[in-house]
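This report describes selected local features of one structure, moving from its nonpolar cores to strand pairing, salt bridges and individual residues.

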Amino acid sequence: VWDSLAGQMLSLNIGSKILDIGGEISGNLSLTGGRRQVRAVGELAVHDGGFRHPALQNRLSELQGVVTFSRREAGSAPLIHWRQVAGTFGRAHFSMPQGQIADPFGKGLLDFQGTLNTVYPGEVLAFLAGLKLPTVRFPKEGAYSGKVQVRGALNQPIITASIQGEDATEIQYLSDGQSYQFPIGKLGLALQYRPETGDVVFEPGSAKIFHGTINWDKAVGRVGFGKIQWFQIAGNFREIDLETLRYAGQAPVRGLINGTFSAEQKEDRTREALIHLGLRNLLIARMPLDEEMIRQTGMEFLEQPEFVTGTLNFYLTSDADIEERGRLRIADGLLAGPEMRLEIGDSAFDPRGLQIQGKLMVNPQPLRNTRIGKKLGKLTRLVQDRNTGIPYLDLTVKGTWDQPALMGEVIVNKAKKRGKRNFIKSIFGGNRPHKASVEELEEWFPGWAPGK
């Protein structure tokens, strides 16, 4: 029956895009005339129907609805009216109370509107040209609902969809043998998709993540053959809670993040990304420092450093060295708190292998009731920066979070060498280092005040 209808009423270009037809139809239909002049009158009911489109991974199935063919008026294009249309796409359900196809054996103009239910993240990827993301998993999928509209033509449909929901979803990201979990809460997503070209445009939207919100202002791209061909995205973070970010079942960092991001992948597969983060009340639960180094220096405060404020600027580029291509790096950063100030230069961002270029500056004020004054003692004078008068440790090192002994040894040796050099200079009457004023210390170490 389908072959007969398609041959009479649809162009070859359109009919060839509707594959694997199945289901049952019942009713009455009268066909008269020839191709492109066919006259159809009657009504058909579709039961348990289905078909596949080359641009969609999943088959549309469990289709049902009523199709009405009306006698057309002179000079007007024929219309096919649909009502009570419903079906499934994977686990997603859609329902369209009514719709129509105008000029089916000509332009084949579509006009359908309806609702979506039980839309899972997996169905969204399947909908977008069967998009496959090898490094992404969904251990837990929330079900979303929304609206759908189909316009355009049979051979060039334009699908506009929006979904919302508050069901919890977990995204698992795999990288270099490591696994990272990202919890997603309330989600609002709206997009326009052209299956024929693979072009996708996302409207501004947001998602709850890490007890905060990620917003995107711009997101466009093209998908095809299960891959992302190119994309551009930009947006911002609001009040992201780092304590909810788990690594190996633990929360290595606590604090709140606000910031902006932008990323792009070109058609030649090169990628660029920029991320600016502002941090508040940052606590690093465990620094990758050797316990023996901590014991030798007496600086236990390094084990869980606290920073009141800070900024970090990340970048990703395909123009880097081969081993760094596609990896996120720190361009520069500053973390400051009442006891410490960490200045970071160009460094790697890899939780397994830490490669950092930085300077850890320590508040030198030797007040009796401060932890830092009790721990440092005379070490302050020997490891001061001569221009600022602030003691510091050179953290330009490489190592890992789980095996930090080598890093600790490097840090200690650098501090010892600089301390010896400064000690020798002091014996021979070298220039005294600058003595930081109270105002300078309050500026450099936010949260500190005399008497604290």
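A nonpolar core is understood here as a set of buried Ala, Val, Leu, Ile, Met, Phe, Trp, Tyr and Cys residues joined through side-chain atoms within 4.5 Å. Buried means under 20% relative accessible area, exposed means over 50%, and partly exposed lies in between (1.4 Å probe, protein chains only). The model is predicted, so local features need pLDDT of at least 70 and side-chain atom pairs count only at pLDDT 80 or more, whereas totals for chains, interfaces and linings use all residues. Residues are numbered from 1 along each chain as its sequence is written, and side-chain values use heavy atoms, with hydrogens and water left out.

**Nonpolar cores**

The largest nonpolar core comprises 67 residues, and Phe127, Leu128 and Tyr193 have the most contacts inside it. Apart from it lies another core, of eight residues, which includes Met361, Ile390, Ala436 and Leu441. With contact taken as heavy atoms within 4.5 Å, Leu128 touches Tyr193, Val200, Phe202 and Val223 when residues up to four places away in sequence are not counted.

Helices (H or I, at least four residues) and strands (E, at least two) are DSSP runs, numbered from the N terminus. In a regular strand the side chains alternate between the two faces of the sheet.

Two strands pair if DSSP finds at least two bridges between them. Strand 13 and strand 14 (residues 212–224) run antiparallel and are joined by five bridges. Gly212 of strand 14 is the bridge partner of Ile209. Two residues lie between the strands of this hairpin, in which Phe210 takes a positive phi near 55°.

**Salt bridges**

A salt bridge is defined as a side-chain nitrogen of Lys or Arg within 4 Å of a carboxyl oxygen of Asp or Glu. The count by this rule comes to nine salt bridges.

| Pair | N to O distance |
|---|---|
| Arg83 and Glu43 | 3.2 Å |
| Asp111 and Arg151 | 3.0 Å |
| Arg329 and Asp346 | 3.5 Å |

In the salt bridge of Arg83 and Glu43, Arg83 belongs to strand 4 and Glu43 to strand 2 (residues 39–52), so the pair ties together parts that are 40 residues apart in sequence. Arg83 is partly exposed, at 33% relative accessible area, and Glu43 is also partly exposed, at 37%.

For the salt bridge of Asp111 and Arg151, the pair links distant parts of the chain, with Asp111 in strand 6 (residues 109–119) and Arg151 in strand 8 (residues 144–153), 40 residues apart. Asp111 has a relative accessible area of 29% and is therefore partly exposed. Arg151, at 34%, is partly exposed.

In the salt bridge of Arg329 and Asp346, Arg329 lies in strand 20 (residues 329–336) and Asp346 in the loop between strand 21 (340–344) and strand 22 (347–348), so the pair ties together parts 17 residues apart in sequence. Arg329 counts as buried, with 7% relative accessibility, whereas Asp346 is partly exposed at 37%. Beyond these pairs, a network of salt bridges links Arg91, Glu123 and Glu141.

**Individual residues**

Thr88 is found in strand 4 (residues 79–89). Its relative accessible area is 4%, so Thr88 is buried. Leaving aside neighbours within four places in sequence, Thr88 is in contact with Arg59, Leu60, Ser61, Glu62, His93 and Phe94.

His47 lies in strand 2 and counts as partly exposed, at 38% relative accessibility. When residues up to four places away in sequence are not counted, His47 touches Gly23, Glu24, Ser26 and Leu63. The C-alpha atoms of His47 and Gly65, 18 residues apart along the chain, are separated by 7.2 Å.

Phe225 has phi near 55° and is placed in the loop between strand 14 and strand 15 (227–241). With a relative accessible area of 83%, Phe225 is exposed. Glu239 likewise has a positive phi near 55°; Glu239 is in strand 15 and is partly exposed, at 33% relative accessibility.
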